[in-house]
Amino acid sequence: MSRQHIPLITELPLVIWLVIVWGALWQDFGPGNLVFGAVIAYAVVNFFYLPPVELTGRFNVLWVVPFLGRFLLQLVTASVEVFWLAVSKGPKLRNAVVAVKLRSHSDFLVTATGHALSLIPGSLVLEVDRSTSTLYLHCLNVASEEDAEAIRRDVRATEAWLIRIMGTRADFAALRAEEALP
C-alpha cells in the first residue's frame with residue numbers, strides 16, 4: 001500500500017518539533033546537530049507513517065494568560081489535595097477510571113487537552129479513543145457518580161479553554177453556541 005504524499009509545508013510543524021526533541025535529547029542545539037536532526041526528522045516523516053499535524057490556523061493570545069493562571073491554580077490546588085489524601089486516607093483511597101467525551105475531533109486539541117490534564121496531579125490519561133474523541137482518565141478520590149461528573153465538567157472546561165486559545169473556527173463557534181444555551 002502506498003502512502004499519500006503530504007506536502008512539506010503540512011509536515012513542517014512535526015519536522016520542527018522532531019528537530020527540537022533531537023536537540024534536547026542530545027543537549028546540543030548547535031547548527032551541525034540541528035541540521036543532522038532535520039535530516040533524521042525528514043527521513044522519519046517520509047519513511048514512517050505519522051499523521052500530519054493539522055494546526056487550526058488560529059491562536060488567541062488573549063486567552064493564554066487566563067488559561068495559564070487557571071492551570072497554575074489547579075496545579076497547586078491538586079498538589080495540596082493529593083498530599084492531603086495521601087496523608088489522611090492513604091491506601092483506603094477510592095479511585096476510578098472516568099470516560100470523558102470531548103467536543104472537538106481535532107487530534108491536536110484532544111492531545112493538548114490530554115497533556116494539560118495529565119500534568120495536574122490526581123489524574124492521568126490512560127487511553128484516547130480517536131474515533132469518538134473520548135479520554136479515559138484514572139482519577140483519585142472518586143467515590144460517587146457526582147465526583148465523576150465533576151471530573152467530566154472540569155475536563156470539558158479545560159477543553160473549552162484550549163478551544164478558545166487554538167481551536168478551529170468551527171469548534172469555537174460550536175462552543176459559543178453551547179455557552180449561549182440556558
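Student: Where does Q27 lie?

Tutor: Q27 sits in the loop between α1 and α2. Helices here are DSSP runs of H or I with at least four residues, strands are E runs of at least two, and both are numbered from the N terminus. Keep in mind that this is a predicted model, where local features need pLDDT of at least 70 and side-chain atom pairs count only at pLDDT 80 or more, while totals for chains, interfaces and linings use all residues. Residues are numbered from 1 along each chain as its sequence is written, and side-chain values use heavy atoms, leaving out hydrogens and water.

Student: Why is Q27 called exposed?

Tutor: The labels go by relative accessible area with a 1.4 Å probe, protein chains only: buried is under 20%, exposed is over 50%, and partly exposed is in between. Q27 comes in at 74%, so it counts as exposed. Its backbone stands out as well: phi is near 50 degrees, a positive value in a residue other than glycine.

Student: What is the overall layout, read along the sequence?

Tutor: The pattern is α-α-α-β-α-β-β-α-α, with 6 helices and 3 strands in the protein. The C-alpha atoms fill a box of roughly 55 × 40 × 40 Å along the principal axes. Of the 182 residues, 31% count as buried.

Student: What makes V110 buried?

Tutor: Its relative accessible area is 8%, so it falls in the buried class. V110 belongs to helix α4 (residues 107-118). From V110 to W17 you count 93 residues in sequence and 18 Å in space, C-alpha to C-alpha.

Student: Which residues make the nonpolar surface patch?

Tutor: I9, L12, I16, W17, I20 and F29, covering about 640 Å². A patch takes residues with over 30% relative accessible area and no salt bridge, joining nonpolar side chains (Val, Leu, Ile, Met, Phe, Trp, Tyr) within 5 Å and like charges within 9 Å. The areas come from the Shrake-Rupley method with a 1.4 Å probe, and for residues only the protein chains shown count as cover.

Student: Why does F29 count as exposed?

Tutor: F29 has 51% relative accessibility, so it counts as exposed. F29 lies in the loop between α1 (8-26) and α2 (31-47).

Student: How do you know that E159 and R103 meet in a salt bridge?

Tutor: The rule asks for a side-chain nitrogen of Lys or Arg within 4 Å of a carboxyl oxygen of Asp or Glu. For E159 and R103 the N to O distance is 3.0 Å, which makes the pair a salt bridge. The two partners come from distant parts of the chain, with E159 in helix α5 and R103 in the loop between β1 (95-101) and α4, 56 residues apart. At 1% relative accessibility E159 is buried, whereas R103, at 23%, is partly exposed.

Student: How many salt bridges does the rule give?

Tutor: The count comes to 8. E149 and R152 both lie in helix α5, 3 residues apart, about one turn of the helix. Shared partners also join R103, R156, E159 and E178 into one network.

Student: How much space lies in the second largest pocket?

Tutor: About 470 Å³. On a 1 Å grid over the protein atoms alone, a pocket is an open set of points where a 1.4 Å probe fits, with protein on both sides within 12 Å along at least five of seven lines; lining residues have an atom within 4 Å of a point. Volume is the space filled by probe spheres set on the points, which are joined across faces, edges and corners.

Student: What lines the second largest pocket?

Tutor: There are 21 lining residues, with A78, E81, P121, I151 and D154 nearest its centre. The largest share, 6 residues, comes from α3. By class, the lining has 13 nonpolar, 5 polar and 3 charged residues. In that tally Ala, Val, Leu, Ile, Met, Phe, Trp, Tyr, Cys and Pro are nonpolar, Asp, Glu, Lys and Arg are charged, and the others, Gly among them, are polar.
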